[in-house]
Amino acid sequence: MTTDPTLAAEIDAACRLSGTFTLRSGQVSHEYFDKYLFETEPALLARVAEAMVDLVPRGTELLGGLEMGGIPIATVLSARTGTPALFVRKKAKEYGTCKLAEGPEVAGRRITLIEDVITTGGAVRDATHALRERGAIVDVVVCAIDRSPEGENPLADVALEVRPVLTKADLDAARSR
C-alpha cells in the first residue's frame with residue numbers, strides 16, 4: 001500500500017464519480033473511478049508510478065502496461081525504474097506485425113503487469129493467458145486501485161498476485177476523513 005497519506009485523498013477527489021455505470025465485467029456500479037482523471041494529470045500520475053516502484057518484484061524484466069489505462073502508468077514507471085515497458089493490447093492487431101504485445105519479445109521473460117483499476121480482473125486475466133501462451137512468465141500485477149472486495153484476490157484462479165497502490169477501502173477511508 002502507499003506510504004503517501006495524501007495520495008488516496010487526492011486520487012479519490014480527482015477520480016470518484018457518482019451515477020450509474022456499467023463496468024467491463026457487466027456489473028452495474030453507482031460509483032466509478034475514472035482513472036483517466038489521474039492518468040492525464042502529470043503530478044498525480046508521477047506519484048502513482050512512484051508508489052509502484054517498491055511493488056515491482058525483483059527479477060522483473062518487462063513492465064506490461066495493459067491497454068489502455070496501464071500504458072501511461074507503465075511508461076512513467078519504466079522511466080523511473082529503468083525497466084523496459086511492453087504495451088499489451090486487448091487483442092492482437094490484425095495488420096502490420098500482428099502483435100498482441102508491442103515492444104520486446106516476451107517468450108521466457110518475467111513480466112509484471114501494470115494496470116490502472118482492478119475490480120474482477122477480467123482484462124488482466126485475459127492478458128495473463130495470452131502472454132503465458134506466448135511463453136511469458138507472469139506472476140504479479142501491480143495496479144493503481146484494487147476495487148475488488150477486501151481480502152479477496154480476483155485473480156487467484158490464474159495464480160496472479162495483486163499488488164495495489166490503493167484499495168477501495170483506502171479511498172473510502174480518505175473520503176470519510
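The structure is a predicted model, so local features need pLDDT of at least 70 and side-chain atom pairs count only at pLDDT 80 or more, while totals for chains, interfaces and linings use all residues. Residues are numbered from 1 along each chain as its sequence is written, and side-chain values use heavy atoms, with hydrogens and water left out.

Let's start with strand S3 (62-66). Helices (H or I, at least four residues) and strands (E, at least two) are DSSP runs, numbered from the N terminus. Leu 62, Gly 64 and Leu 66 point one way from S3, Leu 63 and Gly 65 point the other way, and all are buried. That makes S3 mostly covered, with five of its five residues buried.

## The neighbours of S3

Strands are said to pair if DSSP finds at least two bridges between them. Four bridges join S3 to S6, and these two strands run parallel; here Leu 62 stands opposite Ile 111. Four bridges also join S3 to S4, again in parallel, and Gly 65 has Phe 87 of S4 as its bridge partner. From S3 the chain crosses through H4 to S4 in a right-handed β-α-β crossover. Right-handed means that, with the strands pointing away from the viewer, the path from the first strand over the helix to the second runs clockwise.

## One side of helix H1

Which residues of helix H1 (residues 7-15) are buried? They are Leu 7, Ala 8, Ile 11, Asp 12 and Cys 15. These residues lie on the same side of H1 because they cover an arc of only 125° around the axis, where the arc is that of the directions from the helix axis to the C-beta atoms. An α-helix has 3.6 residues a turn, so residues three or four places apart point the same way.

## Two nonpolar cores

A nonpolar core is a set of buried Ala, Val, Leu, Ile, Met, Phe, Trp, Tyr and Cys residues joined through side-chain atoms within 4.5 Å. The largest one has 27 residues, and Ile 11, Phe 38, Met 52, Ile 114 and Ile 145 touch the most other members. Elements that each supply at least two residues include H1, helix H3 (42-52) and strand S7 (137-146). H3 gives the largest share, five residues. Apart from this core lies another, of 22 residues, among them Leu 86, Leu 113, Ala 127 and Ala 130.

Take a look at Ile 145: leaving aside neighbours within four places in sequence, its contacts (heavy atoms within 4.5 Å) include Ile 11, Phe 33, Phe 38 and Leu 171.

Most residues other than glycine have a negative phi, and most peptide bonds are trans. Where does this chain depart from that pattern? The peptide bond from Glu 67 to Met 68 is cis, with omega near -5°, and Met 68 sits in the loop between S3 and H4.

Cys 98 has a positive phi, near 55°. Cys 98 is in the loop between strand S4 (85-88) and strand S5 (101-102), and is partly exposed, with a relative accessible area of 43%. Ala 159 also has a positive phi, near 50°. Ala 159 belongs to the loop between S7 and S8 and is exposed, at 57% relative accessible area.

How values were computed. Buried < 20%, exposed > 50% of the residue type's maximum accessible area, 1.4 Å probe, protein only.
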